[in-house]
Structure formats: structure tokens, C-alpha cells
Amino acid sequence: MHRLFLLLAMAATLAAHEYWIDASGELQRGHLGAAASEHMHKDEAVKQYPSERYCRQSGGVDEVKGAFGVSERVGAACDTMMVILHLGDYAKTPYGIVAASEANPAMVIGSWESIESVKRLNRLSDFAPLGKGFELSFSRDPSGLEAGDKMRVLATYDGAPKAGAVVAYEGRVVGTTDEAGRINVRIRHAGLQQIRATLRQPLTNAPVAERLYNATLNLEVK
């Protein structure tokens with residue numbers, strides 16, 4: 001049942017907007033299409049959410065200060081950059097997904113808090129987790145990977161491996177992470193890679209039933 005819910009949750013999130021960080025360090029939202037290297041477009045709505053932004057350079061992790069309304073850039077000079085967006089509370093009803101505050105309690109099928117993290121590796125040898133919430137990384141150095149190779153993806157929460165996360169590559173579910181938080185994903189093309197995972201955390205004594213994490217990992221493959 002747990003895996004079924006995650007698969008349904010992943011299917012729902014794949015049908016929604018995607019997030020990614022482009023080569024200039026700018027956070028984007030939209031639909032990448034069949035191939036991640038296709039055109040991207042910016043959505044101004046990204047600015048409306050509370051966020052945390054992190055930059056790792058030379059092994060040190062710094063939080064990037066400043067509101068999104070001032071700058072959407074995370075920092076193209078970072079070895080690794082990451083944005084965490086707090087998207088708010090939502091409810092599923094027979095008529096669709098709405099903000100939890102707008103839902104009729106009698107019609108609610110499920111409810112959750114949505115948190116989205118987006119990370120980009122500018123230097124592939126800087127592949128270890130940042131240790132900030134739910135994120136995707138690598139369990140071994142991905143430098144030198146080419147189209148057709150398999151990459152060993154690692155799902156973690158605050159740096160600890162997470163089993164059972166549902167992972168998708170370029171919009172298609174490829175499986176769930178093992179007990180060590182790992183999964184192999186085959187690279188289908190050169191250019192920007194879009195890897196995404198979903199993790200669910202049940203809540204108690206909270207306005208919503210659970211917390212739903214989505215994590216995206218971007219990197220460029222030659």
C-alpha cells in the first residue's frame with residue numbers, strides 16, 4: 001500500500017510542473033518535455049514560495065540569503081547549488097487537488113504538506129549529499145559518465161540514506177531506492193539530466209495527514 005501511494009503521488013507530481021536549475025544558476029519551473037535538453041521556460045510563480053537556498057564551494061556549505069523577488073539565482077559559481085521550496089498544504093478531493101485551506105473537510109480524501117528540493121551539480125566530483133532535507137546525490141563519483149552508462153543515485157534525508165523513495169528519470173518512474181537509499185538509473189542522452197524522487201512522511205497532530213517531499217537532481221552529461 002505504501003509503495004502504491006508513492007507511485008500515485010509520483011504520477012501526480014510528474015503531471016504537475018517540474019522544477020530545475022539551469023546552467024546560469026537560475027531556478028526554473030515548467031515542463032521539460034520528452035528530453036530534458038529541450039526548451040525551458042521560467043515561471044514567475046516560483047517567487048511566491050518561502051525558500052531556502054544553499055551553495056557548496058570548496059567543501060563548505062553556505063546558505064544564500066535574499067528573497068526570490070530580489071534574485072532567483074542560486075549561484076552559478078557554486079560546485080553544488082540547492083533550493084528548497086515550501087509549497088504549502090494541499091488536499092485531494094473527488095474534484096481534484098486544492099489548497100487545504102479551501103477544501104471542504106467532508107470531501108477530503110487525503111491531505112499533505114508539499115516540499116520541493118532542486119539541486120544542481122556544476123562540478124560532478126562534488127557529488128556527496130549536502131545534508132539538507134530530502135535530496136538526491138550519488139553514491140560514487142559520476143564524473144566521466146556518458147549516455148548509455150548507469151549512474152548510482154542516492155536518496156537521503158539530512159544526509160541519512162532513505163529506502164523506498166520512488167525515483168523517476170525524464171518523467172518516467174524507474175523504481176524505488178533500496179535499503180541503502182540507492183538506485184541505478186541509465187542515462188538516455190547527453191545534456192541536462194532530470195532525476196526526481198518522492199518520499200512520504202506520515203504526520204500526527206498536524207493540520208495535514210503527511211508531508212510529501214519531492215527532490216530533483218540536475219547535472220550535465222557530455
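Which residue in the turn of the β11 and β12 hairpin has a positive phi? I started there and found Glu170, with a phi of about 50° in a hairpin that has 2 residues between its strands.

**Ground rules**

I am working on a predicted model, where local features need pLDDT of at least 70 and side-chain atom pairs count only at pLDDT 80 or more, while totals for chains, interfaces and linings use all residues. I number residues from 1 along each chain as its sequence is written, and side-chain values use heavy atoms, with hydrogens and water left out.

**Confidence**

I looked up pLDDT, the predictor's confidence in each residue on a scale from 0 to 100. The chain averages 84, and 80% of the residues score at least 70.

**Whole chain**

I get 1 helix and 15 strands. These are DSSP runs numbered from the N terminus: H or I of at least four residues for helices, E of at least two for strands. Of the 222 residues, 46% are buried; I use under 20% relative accessible area for buried, over 50% for exposed and partly exposed in between, with a 1.4 Å probe and protein chains only. The accessible surface is about 10,400 Å², and carbon and sulfur atoms hold 51% of that. Those areas are Shrake-Rupley values with a 1.4 Å probe, and for residues only the protein chains shown count as cover. Among contacts with a separation of 6 or more, 55% link residues 24 or more positions apart.

**Back to the hairpin**

β11 and β12 run antiparallel with 4 bridges; I call strands paired if DSSP finds at least two bridges between them. Tyr169 has Arg172 in β12 as its bridge partner. Glu170 sits in the loop between β11 (166-169) and β12 (172-176). Is Glu170 buried or exposed? It counts as buried because its relative accessible area is 11%.

I then checked Asp158, another non-glycine with a positive phi of about 50°. Asp158 lies in the loop between β9 (150-157) and β10 (160-161). At 48% relative accessibility, Asp158 counts as partly exposed. For context, most residues other than glycine have a negative phi.

**Around β5**

Next I traced the partners of β5 (residues 80-93). β3 (residues 51-57) pairs with β5 in the antiparallel sense over 6 bridges, and Ser51 has Leu85 as its bridge partner. β5 and β7 are also antiparallel, joined by 12 bridges, with Ile84 opposite Ser117 in β7. β6 takes 4 bridges from β5, again antiparallel, and Ala91 is partnered by Val98 in β6. β5 and β6 form a hairpin with 2 residues between them.

Ala100 is in the loop between β6 (96-99) and β7 (110-121). Ala100 is partly exposed because its relative accessibility is 24%. Beyond four places in sequence, Ala100 touches Asp89, Tyr90 and Ala91. I also looked at Ala100 and Pro207: 107 residues apart in sequence, 8.8 Å apart in space, C-alpha to C-alpha.

**Cores**

Which residues have the most contacts inside the largest nonpolar core? I find Phe134, Leu136, Phe138, Met151, Val153, Ile195 and Leu219 in a core of 29 residues. A core here is a set of buried Ala, Val, Leu, Ile, Met, Phe, Trp, Tyr and Cys residues joined through side-chain atoms within 4.5 Å. Elements giving two or more residues to this core include β8 (134-138), β13 (182-186) and β14 (191-202). β15 gives the largest share, 5 residues. Apart from this core lies another of 11 residues, among them Ile21, Leu27, Val83 and Leu85.

I listed the contacts of Phe138 beyond four places in sequence, and they include Leu121, Phe127, Met151, Leu217 and Leu219.

**Asn218**

Asn218 counts as buried because its relative accessibility is 0%. Leaving out residues up to four places away, Asn218 touches Trp20, Ile21, Val118, Lys119, Arg120, Leu121, Leu192, Gln193 and Gln194.

Methods
Contact means heavy atoms within 4.5 Å.
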